[in-house]
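Please keep the sequence and the structure in view while reading.

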Amino acid sequence: MQDYKREFIQFMVDSHVLKFGDFTLKSGRKSPFFMNAGAYVTGEQLLMLGRYYAQAIHDNFGDDFDIVFGPAYKGIPLSVVTAVAYHELYGKEIRYCSDRKEAKDHGADKGQLLGAELKDGDRVVIVEDVTTSGKSIDETYPKLKAAADVDVKGLIVSLNRMEVGKGGKVCAQQEIQEKYGFPVTSIVSMAEVVEELEGSVITPELKAAIDAYYEKYGAKE
(Lines give C-alpha, C1' and ligand atoms only; values in the text may rest on other atoms or scores of the structure.)
Protein backbone atom coordinates (compact mmCIF):
# COMPACT_ATOMS: atom_id res chain seq x y z
CA MET A 1 0.00 0.00 0.00
CA GLN A 2 1.39 3.42 -0.95
CA ASP A 3 2.35 5.74 1.88
CA TYR A 4 -0.27 8.36 0.96
CA LYS A 5 -2.99 5.71 1.26
CA ARG A 6 -1.83 4.81 4.78
CA GLU A 7 -1.70 8.50 5.67
CA PHE A 8 -5.17 9.07 4.22
CA ILE A 9 -6.70 6.30 6.32
CA GLN A 10 -5.28 7.81 9.51
CA PHE A 11 -6.33 11.27 8.29
CA MET A 12 -9.96 10.12 7.96
CA VAL A 13 -9.90 8.72 11.49
CA ASP A 14 -8.16 11.76 13.00
CA SER A 15 -10.61 14.10 11.25
CA HIS A 16 -13.58 12.12 12.66
CA VAL A 17 -14.72 11.45 9.10
CA LEU A 18 -14.43 7.67 9.38
CA LYS A 19 -16.08 6.37 12.53
CA PHE A 20 -16.69 2.94 13.97
CA GLY A 21 -19.65 1.86 16.10
CA ASP A 22 -23.33 1.19 15.36
CA PHE A 23 -24.83 3.23 12.54
CA THR A 24 -28.03 3.09 10.51
CA LEU A 25 -27.31 4.06 6.91
CA LYS A 26 -29.66 5.87 4.53
CA SER A 27 -30.25 2.49 2.90
CA GLY A 28 -31.51 1.15 6.22
CA ARG A 29 -28.52 -1.15 6.65
CA LYS A 30 -26.97 -1.41 10.11
CA SER A 31 -23.26 -0.74 9.67
CA PRO A 32 -20.27 -0.94 12.07
CA PHE A 33 -18.59 1.96 10.26
CA PHE A 34 -19.66 5.28 8.80
CA MET A 35 -17.99 7.92 6.65
CA ASN A 36 -19.04 11.58 6.63
CA ALA A 37 -16.93 13.85 4.40
CA GLY A 38 -18.86 16.82 5.78
CA ALA A 39 -16.62 16.60 8.86
CA TYR A 40 -13.70 18.11 6.93
CA VAL A 41 -14.19 21.69 8.07
CA THR A 42 -10.81 23.37 8.64
CA GLY A 43 -8.45 24.95 6.15
CA GLU A 44 -5.73 22.42 6.94
CA GLN A 45 -8.10 19.47 6.53
CA LEU A 46 -9.35 20.73 3.18
CA LEU A 47 -5.82 21.39 1.97
CA MET A 48 -4.76 17.86 2.88
CA LEU A 49 -7.93 16.37 1.38
CA GLY A 50 -7.24 18.05 -1.95
CA ARG A 51 -3.71 16.68 -1.98
CA TYR A 52 -4.89 13.12 -1.37
CA TYR A 53 -7.42 13.36 -4.20
CA ALA A 54 -4.80 14.88 -6.50
CA GLN A 55 -2.33 12.06 -5.76
CA ALA A 56 -4.95 9.39 -6.34
CA ILE A 57 -6.09 10.98 -9.62
CA HIS A 58 -2.49 11.25 -10.79
CA ASP A 59 -1.85 7.59 -9.92
CA ASN A 60 -5.04 6.25 -11.49
CA PHE A 61 -5.80 8.54 -14.43
CA GLY A 62 -2.61 10.47 -15.17
CA ASP A 63 -2.55 14.12 -16.24
CA ASP A 64 -4.61 13.94 -19.42
CA PHE A 65 -7.67 15.82 -18.20
CA ASP A 66 -8.86 19.43 -18.11
CA ILE A 67 -11.73 19.60 -15.62
CA VAL A 68 -12.38 18.22 -12.16
CA PHE A 69 -16.13 17.99 -11.64
CA GLY A 70 -17.82 17.71 -8.23
CA PRO A 71 -21.54 16.86 -7.96
CA ALA A 72 -23.48 19.07 -5.53
CA TYR A 73 -23.23 19.46 -2.68
CA LYS A 74 -20.24 17.75 -1.08
CA GLY A 75 -18.53 17.47 -4.45
CA ILE A 76 -18.32 21.26 -4.82
CA PRO A 77 -15.55 21.84 -2.23
CA LEU A 78 -13.93 18.58 -3.31
CA SER A 79 -13.58 19.82 -6.88
CA VAL A 80 -12.17 23.16 -5.74
CA VAL A 81 -9.54 21.81 -3.33
CA THR A 82 -8.52 19.09 -5.80
CA ALA A 83 -7.95 21.63 -8.59
CA VAL A 84 -5.85 23.77 -6.24
CA ALA A 85 -3.83 20.77 -5.02
CA TYR A 86 -3.21 19.47 -8.54
CA HIS A 87 -1.65 22.78 -9.50
CA GLU A 88 0.43 22.74 -6.32
CA LEU A 89 1.68 19.15 -6.64
CA TYR A 90 1.96 18.67 -10.40
CA GLY A 91 2.09 22.17 -11.87
CA LYS A 92 -0.92 21.54 -14.11
CA GLU A 93 -3.71 24.10 -14.33
CA ILE A 94 -7.01 22.29 -13.84
CA ARG A 95 -10.41 23.97 -14.02
CA TYR A 96 -13.21 23.09 -11.64
CA CYS A 97 -16.89 22.68 -12.39
CA SER A 98 -19.91 21.64 -10.30
CA ASP A 99 -23.64 21.37 -10.76
CA ARG A 100 -26.50 23.02 -8.96
CA LYS A 101 -29.41 21.08 -7.52
CA GLU A 102 -31.67 23.66 -9.18
CA ALA A 103 -30.82 25.74 -12.23
CA LYS A 104 -30.13 29.43 -11.61
CA ASP A 105 -32.35 31.63 -13.80
CA HIS A 106 -30.87 35.08 -13.18
CA GLY A 107 -27.55 36.94 -13.26
CA ALA A 108 -24.53 36.44 -15.49
CA ASP A 109 -23.89 32.84 -14.43
CA LYS A 110 -27.39 31.44 -14.87
CA GLY A 111 -27.82 27.77 -15.69
CA GLN A 112 -27.33 24.32 -14.22
CA LEU A 113 -23.54 24.49 -13.66
CA LEU A 114 -21.10 26.72 -11.80
CA GLY A 115 -17.37 27.16 -12.21
CA ALA A 116 -15.68 26.58 -15.55
CA GLU A 117 -17.79 26.46 -18.69
CA LEU A 118 -17.74 23.00 -20.25
CA LYS A 119 -16.69 22.73 -23.88
CA ASP A 120 -16.83 19.93 -26.44
CA GLY A 121 -13.78 17.70 -26.04
CA ASP A 122 -13.08 18.64 -22.42
CA ARG A 123 -11.65 15.71 -20.47
CA VAL A 124 -13.34 15.40 -17.09
CA VAL A 125 -12.54 13.59 -13.84
CA ILE A 126 -15.46 13.37 -11.42
CA VAL A 127 -14.79 13.52 -7.66
CA GLU A 128 -17.20 12.33 -4.96
CA ASP A 129 -16.91 11.48 -1.27
CA VAL A 130 -18.34 7.96 -1.38
CA THR A 131 -20.52 5.98 -3.77
CA THR A 132 -23.11 3.72 -2.20
CA SER A 133 -25.83 3.40 -4.84
CA GLY A 134 -24.63 5.43 -7.84
CA LYS A 135 -27.68 7.71 -7.65
CA SER A 136 -25.58 10.87 -7.72
CA ILE A 137 -23.86 9.91 -10.97
CA ASP A 138 -27.20 8.91 -12.52
CA GLU A 139 -28.33 12.49 -11.84
CA THR A 140 -25.18 14.40 -12.78
CA TYR A 141 -23.83 12.48 -15.78
CA PRO A 142 -26.73 13.59 -18.02
CA LYS A 143 -26.10 17.20 -16.95
CA LEU A 144 -22.46 16.91 -18.01
CA LYS A 145 -23.30 15.45 -21.40
CA ALA A 146 -26.09 17.97 -21.96
CA ALA A 147 -23.72 20.88 -21.31
CA ALA A 148 -21.07 19.74 -23.82
CA ASP A 149 -19.67 16.66 -25.55
CA VAL A 150 -17.19 15.97 -22.77
CA ASP A 151 -15.03 12.88 -22.30
CA VAL A 152 -15.34 11.53 -18.75
CA LYS A 153 -11.96 10.00 -17.93
CA GLY A 154 -13.12 8.51 -14.63
CA LEU A 155 -14.72 8.87 -11.22
CA ILE A 156 -12.80 8.79 -7.95
CA VAL A 157 -14.19 8.61 -4.41
CA SER A 158 -12.56 8.64 -0.99
CA LEU A 159 -13.65 5.19 0.15
CA ASN A 160 -14.86 2.10 -1.65
CA ARG A 161 -17.32 0.58 0.84
CA MET A 162 -17.16 -2.69 -1.14
CA GLU A 163 -20.87 -3.33 -0.73
CA VAL A 164 -23.36 -4.61 -3.27
CA GLY A 165 -25.00 -1.85 -5.27
CA LYS A 166 -28.56 -1.54 -6.56
CA GLY A 167 -28.22 -4.70 -8.65
CA GLY A 168 -27.40 -6.77 -5.58
CA LYS A 169 -24.40 -8.57 -7.11
CA VAL A 170 -21.40 -6.25 -7.57
CA CYS A 171 -20.35 -3.06 -5.78
CA ALA A 172 -21.75 0.33 -6.78
CA GLN A 173 -18.41 1.38 -8.26
CA GLN A 174 -18.41 -1.55 -10.66
CA GLU A 175 -22.06 -0.99 -11.53
CA ILE A 176 -21.28 2.60 -12.53
CA GLN A 177 -18.25 1.51 -14.52
CA GLU A 178 -20.27 -1.08 -16.43
CA LYS A 179 -23.19 1.31 -17.03
CA TYR A 180 -21.27 4.37 -18.22
CA GLY A 181 -18.04 2.89 -19.56
CA PHE A 182 -15.53 4.98 -17.62
CA PRO A 183 -13.23 3.70 -14.85
CA VAL A 184 -14.28 4.15 -11.22
CA THR A 185 -11.79 3.95 -8.37
CA SER A 186 -11.18 5.13 -4.82
CA ILE A 187 -8.34 6.58 -2.78
CA VAL A 188 -8.66 3.57 -0.48
CA SER A 189 -10.95 0.57 -0.08
CA MET A 190 -12.48 -0.71 3.14
CA ALA A 191 -10.22 -3.76 2.86
CA GLU A 192 -7.20 -1.42 3.00
CA VAL A 193 -8.71 0.41 5.96
CA VAL A 194 -9.09 -2.86 7.87
CA GLU A 195 -5.58 -3.95 6.93
CA GLU A 196 -4.11 -0.68 8.19
CA LEU A 197 -6.15 -0.28 11.41
CA GLU A 198 -6.58 -3.86 12.59
CA GLY A 199 -5.01 -4.28 16.00
CA SER A 200 -5.26 -0.58 16.84
CA VAL A 201 -8.49 1.26 16.06
CA ILE A 202 -10.12 -1.95 14.85
CA THR A 203 -10.34 -4.33 17.81
CA PRO A 204 -11.06 -8.07 17.47
CA GLU A 205 -14.69 -7.41 18.37
CA LEU A 206 -15.00 -4.67 15.76
CA LYS A 207 -13.27 -6.83 13.16
CA ALA A 208 -15.83 -9.57 13.81
CA ALA A 209 -18.66 -7.04 13.32
CA ILE A 210 -17.12 -5.81 10.05
CA ASP A 211 -16.69 -9.39 8.82
CA ALA A 212 -20.33 -10.15 9.64
CA TYR A 213 -21.44 -7.02 7.79
CA TYR A 214 -19.57 -8.02 4.65
CA GLU A 215 -20.85 -11.56 4.90
CA LYS A 216 -24.29 -10.04 4.50
CA TYR A 217 -23.70 -7.04 2.23
CA GLY A 218 -20.27 -7.50 0.68
CA ALA A 219 -19.91 -7.45 -3.08
CA LYS A 220 -18.76 -10.72 -4.62
CA GLU A 221 -16.08 -9.49 -7.02
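In helix α7, the residues L206, K207, I210, Y213, Y214 and Y217 are buried, where buried means under 20% relative accessible area, exposed over 50% and partly exposed in between (1.4 Å probe, protein chains only). They lie on the same side of α7 because they cover an arc of only 120° around the axis, the arc being that of the directions from the helix axis to the C-beta atoms. On the other side of α7, P204, E205, E215 and K216 are exposed. The cover over the buried residues of α7 includes β1 (18-24), β2 (30-35) and α6 (190-197), contact meaning heavy atoms within 4.5 Å.

This is a predicted model, in which local features need pLDDT of at least 70 and side-chain atom pairs count only at pLDDT 80 or more, while totals for chains, interfaces and linings use all residues. Residues are numbered from 1 along each chain as its sequence is written, and side-chain values use heavy atoms, with hydrogens and water left out.

| Residue | Relative accessible area |
|---|---|
| Q45 | 16% |
| R161 | 7% |

Q45 belongs to helix α2 (residues 43-61), and its side chain reaches the backbone nitrogen of V41 at 2.8 Å. Leaving aside residues up to four places away in sequence, Q45 touches F11, S15, A39 and Y40.

R161 sits in the loop between β7 (151-160) and α5 (172-180), and an unreviewed UniProt entry lists T132 and R161 for "binding site", although such annotations may be inferred rather than shown by experiment. The side chain of R161 makes a polar contact (a pair of N or O atoms within 3.5 Å; within protein, one must be able to donate a hydrogen and the other to accept it, and residues adjacent in sequence count only if both atoms are side-chain atoms) with the side chain of E163, at 2.4 Å.

Methods:
Helices (H or I, at least four residues) and strands (E, at least two) are DSSP runs, numbered from the N terminus.
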